Amino acid sequence: MLENLITLPITDIIFFSATALLAFRFLYDLILLITLSRKEKQFVQKNNEIPVSIIICARNESENLKKHLPTICEQQYSNYEVIVVNDASEDDTHRVLMDFDNQYTHFRYTHIPKDPKFDHNKKLALTIGIKSAKYDHILLTDADCIPASKEWLKEMSARLAFKKIV
């Protein structure tokens with residue numbers, strides 16, 4: 001057998017060695033892909049709750065925040081955050097947001113001060129909210145919107161979990 005190996009041209013030896021290495025690599029990648037695919041499906045099946053950042057832009061919305069923000073902050077969902085961007089409000093929105101910040105651990109807010117030289121629109125508030133989000137999946141809503149139930153976030157994010165499986 002060793003004599004046959006010695007008599008083979010060097011190009012044949014390199015060809016067979018490369019073919020064997022490629023076959024091994026292909027099998028390794030296939031096994032790895034199958035393993036990762038199964039783990040991802042198990043994760044999604046066990047925990048359908050993908051982490052979500054809810055962003056709300058508010059300008060002079062203190063009354064709406066008082067009425068609607070508790071329903072958003074008390075969703076039946078395990079891993080989410082609520083970010084409110086106070087967009088140069090002139091009412092007591094800042095005080096309302098401070099109260100919510102003290103009350104809910106997954107609540108945060110930021111403030112855009114009014115600038116007499118620069119008049120900005122909602123796009124700046126959205127940009128700041130998105131940049132401050134710690135999760136990849138973002139849900140945008142307004143201060144005057146109220147969720148239909150405490151399962152609202154679960155229903156909204158269910159489609160995200162479904163797309164992850166497919």
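This is a predicted model: local features need pLDDT of at least 70, side-chain atom pairs count only at pLDDT 80 or more; totals for chains, interfaces and linings use all residues.
The layout. The secondary structure amounts to six helices and four strands. In sequence order the pattern is α-α-β-α-β-α-β-α-β-α. The chain has 166 residues, of which 30% count as buried. On contacts: take the pairs that are at least 6 apart in sequence, and 81% of them join residues at least 24 apart.

The core. As background, nonpolar side chains in soluble globular proteins tend to be buried together. Here, the largest nonpolar core contains 22 residues. Which of them have the most contacts inside it? They are I54, I56, L69, V82, V84, F107 and L153. As for where the core residues come from, β1, α3, β2, α4 and α6 each supply at least two; α6 covers 152–165.

Leaving out residues up to four places away in sequence, V82 touches I54, I56, L69, I72, C73, H106, F107 and R108. Among these partners, I54, I56, L69 and F107 are also on the list of residues with the most contacts inside the core.

Now the rings. The count of aromatic pairs is five. One of them joins F15 and F16, edge-to-face, with 5.6 Å centre to centre and 65 degrees between the planes. Are these two residues buried or exposed? Both F15 and F16 are exposed. Separately, F100, Y104, F107 and Y109 make up one aromatic cluster.

Where do they sit? N60 is in the loop between β1, residues 52–58, and α3, residues 62–73. A88 is in the loop between β2, residues 80–87, and α4, residues 93–103.

Their accessibility is where they part. N60 has 38% relative accessibility, so it counts as partly exposed, the class between 20% and 50%. A88 has a relative accessible area of 9%, and it is buried because that is under 20%.

Conventions
Residues are numbered from 1 along each chain as its sequence is written. Side-chain values use heavy atoms; hydrogens and water are left out. Buried means under 20% relative accessible area, exposed over 50%, partly exposed in between (1.4 Å probe, protein chains only). A nonpolar core is a set of buried Ala, Val, Leu, Ile, Met, Phe, Trp, Tyr and Cys residues joined through side-chain atoms within 4.5 Å. Contact means heavy atoms within 4.5 Å. Rings of Phe, Tyr and Trp (its six-membered ring) pair if their centres lie within 6.5 Å; planes under 30 degrees apart count as stacked, over 60 as edge-to-face and the rest as tilted.
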